[in-house]
Amino acid sequence: MASAELNIFACEPEYAALAKELAPNARIYSATTAMQDPHQVQARPSLIAKMRQADIAVCAGADLEIGWLPMLQMKSSNAKVRSTDQGLFYAAEQVETLDQLKSVDRSMGDVHAKGNPHLHFSPERMLKVAQALTVKLTAVDPASKAEYESALADFSQRWTAAIPVWEKKAAPLHGKKVIAYHSSFKYLFNWVGIEQVADLEPKPGLPPSSSHLASLLTRTEAGDVMAIIVASYQDERGANWLGERANLPVQVLPMSVGGNDQSQDLFSLYDSVLDLLLSVKAS
Amino acid sequence: MTVFNNRVSCVAAACAFFTTSAFAENPTLTNPAISAVLDGYYQNTERPMAERGEGFGLGHTEIAMSANIDDMFYGKLTAVIEMHDGETELGLEEAFIQTLAMPWGFSIRAGRFLSDVGYLNNQHVHTDAFSDRPAAYRAFLGSHYFDDGVRVNYVAPTDLYWTMGLESFKGDSMRAAGGEHDDHEADSDHAERDYKNIGVYTAYTKIGGDIGNGSWQAGLSYMRNENGRMVEGEHEEHAALAAGDEGHDHSHSATFTGENTYIADFVYKWAPNGNYKYQHLTVSGEYFKVTDFAPLQDDHDSTASVDDMQGWYLSSVYQFSPNWSAGVRYGETDVQELHGDHFDAQKLKETEVSLAWHHSHFSTVRLQYTNQKGTNYFGIEDDNVLTLQYVMTLGAHGAHQF
C-alpha cells in the first residue's frame, strides 16, 4: 500500500492536521470540526461510512470519544480500526495526561479518569504523539516507511524550532489569571503559565448556571482576572453575561485547526491562540 | 419469565460492581461496561397496547453488561425488571454475541437482540423522546421487537453510508393468537395450530449521509412472519386483549400480525455548526404496512377483500438548551379486527407533545400529553393522557446510535 492510498480517520481536527504533517499523501477525514464539541458527537451514517474505509483511526483517547467511537466501531464492521494492536491510535496513551483521577463518580460531573484528553496544546506532548503516530503509520503501511520517517524529521525540526519562539512570545502571559469554560485549555495554560482560577461550568459537562455565574462574579471582584476564555465550540452566553458585569474581556480561542481563519494547521493554530491571548492582555 | 433467585443475585452482583469500579473507563478484563436504567412514572390513564399502566409505576428498569469477549467477539446482556400487578418479572431483552473482526464489512450477531427493522426498533427505549413507542410499534412489533435469532450485516465501503442485513428469529412473540397462547379455547380446534419454529425472517437496508450541518438516514425493511396469519376463531382473544380485560400484554407480543410487514423509515438530525452540545433537532418518521393476515378460507370470501393494516408517525424533537428539549409527534394506526366472518376496521390517532428537563445527559424528567382518538375497540377510557416520567442512567456511558 502506498501512502497515497492510506485512509486516515481522525476523531478531531488537530489529529487530522497532525496526520497531514506526517502522511501528506494520505486520504484524511476529520470526524469533527473545531466548532463541534467532541464529547457529544452523533455516531452518524457518514462517520460509519468513513470508518468502514479507514486503515488508521487517530483519536485523542482518554475516553473523550467514549460516547460515539465505540458505536462507530461496532457499526462500521472494520476490523482494522478495532484495536490499538492494529490501526487504532490514541494520542493520550502516548503521553502522561494531566489531572488523572484515582476514582471517578458521576457526582463529580463528566470527568475522565484517564486524565484531560485535550492535550494538543502541549507542544512537547504533541512531538511524542507525532513520533508514536509515525510508528503506527509505518506498522500499517511498511512500504512507505521512508516517506513517513522523512515527514516526521521535517515536522520535528520545524516544531522544535517553533517551540522556543512561541515560549518567548508567550512570556508576558506568565502568571496571568483567567476564568475559562471547562478544562479545554488546561495544557495551554499549563505550558505558558496561565492560571485558570475558575470554571464557567459548575461541574464538568454541566452548562453554566445562574447561581454559579453569580459566584464567579464575586470571584472577579478580587480584580486579578485578566479575561474569560471560551473555546470555539462552547456557548458564549454565560461568558458574555459575566464579562459585561465584571467588565472583563471575553475571548473565544480556536479549539483546533479550523476554529478561526488564521488556524490552518497546527503551527498557525498555536500562533493564533497566543496572538489572541496577547491582544486580550494588551487591551 | 419470573426467575426470582437469578434476579436477586444479578442485582447483587451489579451492585458490587457499582461500588468498586470507575464508570467512565473503557471496559477491560476486570471492568465490563455496566449500566442501569431507572424509569418511573405517574400516568392518569393508559395508552392502548402500551406497557405503562395507570397510576404510579416503573417503566423499563434495566441492567446491562457489555464488553469485548476477546478480539473476535463482543457480548452484551440486558436484563429488564418489570413489575406487573405486584409481581416482579425478570426478562432478558438482550443476550447476544457479535463478531468484531470479520473481513469485508460483514458482521454476525447471534442470541437475543433487537431486530434492526425500521428506525426506532433497535434503539433502546430509554433513549426515546416520548414515554411510549408510537402506536404503530405497539400494534405491529410489541413496542420493540427483540427475539432469539441470528443476523448477518454488511456495510458497503462507500462514502454514502449503505448497510444491509438479513435476520432470522424464533418469532414466538410475533405469532398470531391461537394455539397454546389461547387459554380460553385450549380445547377448541385451532388450539392445535402448528406454528413454525423459525417464524420470522427480515431483510433491511439503510442509507445515509450528511447535508450541510445535518445528517440523514433512510431505510426500507421487510419482515416475513410465517406464523403471522390469523386462524379462524382467534378474534375473541384479540378483542378481549384490546379491550383491557386481560390486563396488559406483558409478554411484549405484537397485538396485530400478518405474514408480510413492510417498513419505510427516515430520520434527519441537525445542529448549529453540527455541534450537538447545545441545540439540536431530530425529525423522524416511519410507515408500516401489514398484509396477509386474513385466515385462509375457501367457504367465505368476505375476508378476502379486506384492506391492509397500516400505521405511521412523524416526530420532531428540539433540544433548545442542554437542559431542555421538547417534542411533538403525530401518528395514525389502522388495524383490522376479525369479527366472525368479517373484519372491522379500527383506527387510532395519537397527537402528543412532550417537554423534558435534563440536569445532565444522564438524567431526564419528562412531562408528556397525549390526545388519543380511537374506536371502542382500543378500550380507551380517556382521550387525554398525561405522563410524568423520569429516566436516569447510571454506570457506563452508553454510546448512542444515530
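Two residues are in contact here if their C-beta atoms, placed from the backbone, lie within 7 Å. The model is predicted, and local features need pLDDT of at least 70, side-chain atom pairs count only at pLDDT 80 or more, and totals for chains, interfaces and linings use all residues. Residues are numbered from 1 along each chain as its sequence is written, while chains are lettered from A and ligands numbered from 1 in the order in which they are written.

Helix α3 of chain A covers residues 69-76, and seven of its eight residues are buried (20 or more other C-beta atoms within 10 Å of their own). Among them are Leu69(A), Pro70(A) and Met71(A). The cover over the buried residues of α3(A) includes α2 (45-52) and β3 (56-59) of chain A, and also β7 (146-155) of chain B. Just after α3(A) comes Ser77(A), with a positive phi of about 50 degrees.

The contact between the chains takes 38 residues from chain A and 42 from chain B. On the side of chain B that touches chain A, β6 (106-114), β7, β9 (200-211) and β10 (214-225) each supply at least two residues. The largest share, three residues, comes from β9(B).

Within chain A, helices α4 (residues 123-140) and α5 (residues 145-170) pack with their axes 10 Å apart and at an angle of about 180 degrees. Therefore α4(A) is roughly antiparallel to α5(A) (an angle over 145 degrees). Residues of α4(A) including Leu127(A) and Leu137(A) meet residues of α5(A) including Tyr148(A) and Trp159(A).

Terms used:
Buried ≥ 20, exposed ≤ 12 C-beta atoms within 10 Å, placed from the backbone. Helix = DSSP H or I, 4+ residues; strand = E, 2+ residues; numbered from the N terminus. Axes fitted to C-alpha atoms, helices over the stretch in contact; angles between N-to-C directions. Parallel < 35°, antiparallel > 145°, perpendicular 65-115°, else oblique.
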